[in-house]
Amino acid sequence: MDTETVLGVATLASLLALATVVGLLLRRRDGRRRAVGTGADAPGLGELVPGHELGADPVVVQLSAAVCAPCRATARVWESVAAAGQHVELDVEENLAIVARLHVWRTPTSFVFAPDGSLVARIDGVPTRQQAREALSSAAPG
């Protein structure tokens, strides 16, 4: 083998290793609940979903894209653990101002709101049913 071929193979192997590490790190973060700011810049439920009636239950607002398969899986998870009306799905293309304000870099991204409309948690990626239940219970009045 000549030097260019060896260099090309080494470069390809390095890129493959780097992509694998990045993929594993992203998968590890998938579905984990993140703390959110509670200051004046934290949005309330009414800002994201105008006209949504506050009730006794927490509400999940999921930001999704039409061509996002994980978004459909996330919607199924939330619908399996949330009461009727607790899960609201918004299209990122139709809500670019919200996406920019909340620094959404990937879909799906879900926001969990307490019954009073205050933001409690942010979940990037597809949560497990257990992670979704824990996020909802942390937002429930108690």
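Me: To begin with the pairing, how do you know that strand 2 and strand 4 are paired?
Reply: This is a predicted model, and in it five bridges join strand 2 to strand 4, the two running antiparallel.

Me: What makes strand 3 a partner of strand 2, and in which direction do the two run?
Reply: Strand 2 and strand 3 are joined by five bridges and run parallel; since at least two bridges are required, they count as a pair. L63 stands opposite L90 in strand 3.

Me: Which elements make up the β-α-β unit, and what is its handedness?
Reply: The unit consists of strand 2, helix 3 (residues 69-81) and strand 3, and it is right-handed. That label applies because, with the strands pointing away from the viewer, the path from the first strand over the helix to the second runs clockwise.

Me: Where does this unit sit in the overall order of elements, and how many helices and strands are there?
Reply: The protein chain has five helices and five strands, and from the N terminus on they follow the order α-β-α-β-α-β-α-β-β-α.

Me: Why is strand 2 called mostly covered?
Reply: Six of its six residues are buried, which means that each has under 20% relative accessible area. In a regular strand the side chains alternate between the two faces of the sheet. Here V59, V61 and L63 lie on one side, V60, Q62 and S64 lie on the other, and all of them are buried, so that both faces of strand 2 are covered.

Me: What does strand 2 give to the largest nonpolar core?
Reply: That core has 19 residues, and V61 and L63 touch the most other members. At least two residues each come from helix 2 (45-48), strand 2 (59-64), strand 3 (87-91), helix 4 (96-101) and strand 4 (109-113), with strand 2 giving the most, namely three. Another core, of 12 residues, lies apart from it and includes A82, I123, A135 and A139.

Me: Which residues does L63 contact beyond its neighbours within four places in sequence?
Reply: Among them are L90, V92, I98, L102 and F111, and the list also includes T107 and P108.

Me: How do you know that the buried residues of helix 5 are on the same side?
Reply: In helix 5 (residues 129-139), the buried residues are A132, A135, L136 and A139. They cover an arc of only 95 degrees around the axis, and therefore lie on the same side of helix 5.

Me: What makes the peptide bond from T107 to P108 cis, and where is P108 placed?
Reply: The omega of that bond is near 0 degrees, and P108 is located in the loop between helix 4 and strand 4.

Me: What share of the protein chain is buried, and what share of its surface belongs to carbon and sulfur atoms?
Reply: Of the 142 residues, 37% are buried, while carbon and sulfur atoms hold 59% of an accessible surface of about 8600 Å².

Terms used. Residues are numbered from 1 along each chain as its sequence is written. This is a predicted model: local features need pLDDT of at least 70, side-chain atom pairs count only at pLDDT 80 or more; totals for chains, interfaces and linings use all residues. Side-chain values use heavy atoms; hydrogens and water are left out. Buried means under 20% relative accessible area, exposed over 50%, partly exposed in between (1.4 Å probe, protein chains only). Helices (H or I, at least four residues) and strands (E, at least two) are DSSP runs, numbered from the N terminus. The arc is that of the directions from the helix axis to the C-beta atoms. Accessible areas come from the Shrake-Rupley method with a 1.4 Å probe; for residues, only the protein chains shown count as cover. A nonpolar core is a set of buried Ala, Val, Leu, Ile, Met, Phe, Trp, Tyr and Cys residues joined through side-chain atoms within 4.5 Å. Contact means heavy atoms within 4.5 Å.
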